[in-house]
Amino acid sequence: MGLSVTISAADAADAEHILKLQYLCYQSEAELYGDWSIEPLTQSLDALRAELAEGYGLVARLGDEVVASVRARLDEDGTVRIAKLIVHPRMQRHGLGGRLLDGIERHFAETADPAARPAPSPKRFQLFTGHRSEGNLRLYRSKGYAQVATRELGPKLTLVTLEKAAA
């Protein structure tokens, strides 16, 4: 009998598993840009725990193994900033990234009750990736994200910012 992937909210107990997966997943990005000092590869466990505490995260599990994750937070201006959407290399191209992206958007849309919390309702979803990360760009565009900005970080890397309006 095969195992199915389940998606649930991430918590502090998941942090170490997420960090290990993040390190594995960002190896290909580091190689693509020739830069192993990128933040996902140098992030500390404490910094990751702080991100989870300040925002919201999801994990996808295959049995007990964390095989994918995403994190996001809602800014005061109503922008949901989505970050570090990662999928284990052996699990890529099976729809997990899209499911996590849908899940994080759904979470913020469903919790958009201004009377229940001090944060504003989400107005837009925003994320970024490197200009050579074609798989990421393809996924984000297929989910309705459009490029709104670019920022050159160096001779090898330009960040592409994409966003879409909240429903």
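**Basis.** I note that this is a predicted model, in which local features need pLDDT of at least 70 and side-chain atom pairs count only at pLDDT 80 or more, while totals for chains, interfaces and linings use all residues. Residues are numbered from 1 along each chain as its sequence is written, and side-chain values use heavy atoms, with hydrogens and water left out.

**Overall form.** I counted six helices and seven strands, taken as DSSP runs numbered from the N terminus (helices H or I, at least four residues; strands E, at least two). Their order from the N terminus is β-α-α-α-α-β-β-β-α-β-α-β-β. The radius of gyration is 16 Å, close to the 15 Å of the globule rule for 167 residues, so the chain is as compact as a globular protein of that length. That radius is taken over C-alpha atoms, and the rule is 2.2 Å times the number of residues to the power 0.38. Along the principal axes, the C-alpha atoms fill a box of roughly 45 × 45 × 30 Å. Of the 167 residues, 42% are buried (under 20% relative accessible area; exposed is over 50%, partly exposed in between; 1.4 Å probe, protein chains only). I also checked contacts, defined by heavy atoms within 4.5 Å: among those with a separation of 6 or more, 60% involve residues 24 or more positions apart.

**Cores.** I next examined the nonpolar cores, which are sets of buried Ala, Val, Leu, Ile, Met, Phe, Trp, Tyr and Cys residues joined through side-chain atoms within 4.5 Å. The largest has 25 residues, and Ile 82, Leu 96, Ile 104 and Tyr 145 have the most contacts inside it. Elements that each supply at least two of its residues include strand E4 (79–87), helix H5 (96–110) and strand E5 (124–130). A second, separate core of 15 residues includes Leu 21, Ile 38, Val 59 and Ile 86. Leaving aside residues up to four places away in sequence, the residues that Ile 82 touches include Leu 101, Ile 104, Phe 125 and Tyr 145.

**Strand E4.** I then turned to the pairing of E4, where two strands pair if DSSP finds at least two bridges between them. E4 is largely enclosed by the rest of the structure, because seven of its nine residues are buried. E3 and E4 pair in the antiparallel sense over six bridges, with Ala 68 opposite Val 87 in E4. These two strands form a hairpin with four residues between them, and Gly 78 in the turn has a positive phi of about 90 degrees. E4 and E5 run parallel and are joined by three bridges.

**Thr 79.** Which residue in E5 is the bridge partner of Thr 79? I found Arg 124. The side chains of Thr 79 and Arg 124 also make a polar contact of 2.4 Å (a pair of N or O atoms within 3.5 Å; within protein, one must be able to donate a hydrogen and the other to accept it, and residues adjacent in sequence count only if both atoms are side-chain atoms). Thr 79 counts as buried at 2% relative accessibility.

**Positive phi.** Lys 84, in strand E4, has phi near 50 degrees, a positive value in a residue other than glycine, and is buried at 11% relative accessibility. Arg 93 lies in the loop between E4 and H5; its phi is near 65 degrees, and this residue is exposed, with a relative accessible area of 74%.
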